[in-house]
Amino acid sequence: MQTGPAPATPSILCLEGVFDGMAAAHVEEVLLGATAGERVLVDLTQVREFHDFGVAVLARALGRCRADVRIRGLPLAQLRVLRAFGVDAGPVARAVLPEGI
């Protein structure tokens, strides 16, 4: 038996190609527009190249965002950059959602 409302399906933001400043600015806009507690999945599994500036913008966005954000597909090197910017990378590293999402 389930009590309370069913968990909301997360909004999914899929990116591909190069994650540069422009791509990161788009992600930042989406994240800052999300409401507190909203679930957002940022899927970076199809990104083939990460620019440091883009990762820095992502770190800033994650620090300012009030939504429940999960990131999939972030390489370890970029994960370390997030940590260097003070982003709690624990949830990023553990972000595992069903494959259909």
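Good morning. By contact I shall mean heavy atoms within 4.5 Å. The structure before you is a predicted model, and I begin with one residue in it. Which residues does Val42 contact, leaving aside its neighbours within four places in sequence? Val42 is in contact with Leu13, Leu15, Val27, Leu31, Val69, Arg70, Ile71 and Arg72.

Val42 also belongs to the largest nonpolar core, which has 27 residues. Those that touch the most other members are Leu15, Phe19, Leu31, Val42, Leu44 and Val69. At least two residues of this core come from each of strands S1 (11-19), S2 (39-50) and S3 (68-72), and likewise from each of helices H1 (21-33), H2 (52-64) and H3 (76-84). H2 supplies the largest share, 6 residues.

Let us turn to H2 and its packing against H3. The axes of H2 and H3 lie 9 Å apart, at an angle of about 50 degrees. The two helices are therefore oblique to each other, and H2 passes H3 in a right-handed crossing. On the H2 side, the contact is made by Val55, Leu58, Ala59 and Leu62; on the H3 side, by Gln78, Val81 and Leu82. By class, this contact of H2 with H3 has 6 nonpolar residues, 1 polar residue and no charged residues.

Finally, I draw your attention to Ala34, in the loop between H1 and S2. Is Ala34 buried or exposed? Its relative accessible area is 7%, and buried means under 20%, so Ala34 is buried. Not counting residues up to four places away in sequence, Ala34 touches Val40, Arg66 and Ala67. From Ala34 to Ser11 the separation is 23 residues in sequence and 9.3 Å in space, C-alpha to C-alpha. Thank you.

Conventions: Residues numbered from 1 in each chain as written. Predicted model: local features only at pLDDT ≥ 70, side-chain atom pairs only at ≥ 80, totals over all residues. Heavy atoms only, no water. Core = buried A, V, L, I, M, F, W, Y, C linked by side-chain atoms within 4.5 Å. Buried < 20%, exposed > 50% of the residue type's maximum accessible area, 1.4 Å probe, protein only. Helix = DSSP H or I, 4+ residues; strand = E, 2+ residues; numbered from the N terminus. Axes fitted to C-alpha atoms, helices over the stretch in contact; angles between N-to-C directions. Parallel < 35°, antiparallel > 145°, perpendicular 65-115°, else oblique. Left-handed = near helix turned anticlockwise from the far one by under 90°. Nonpolar A, V, L, I, M, F, W, Y, C, P; charged D, E, K, R; others polar.
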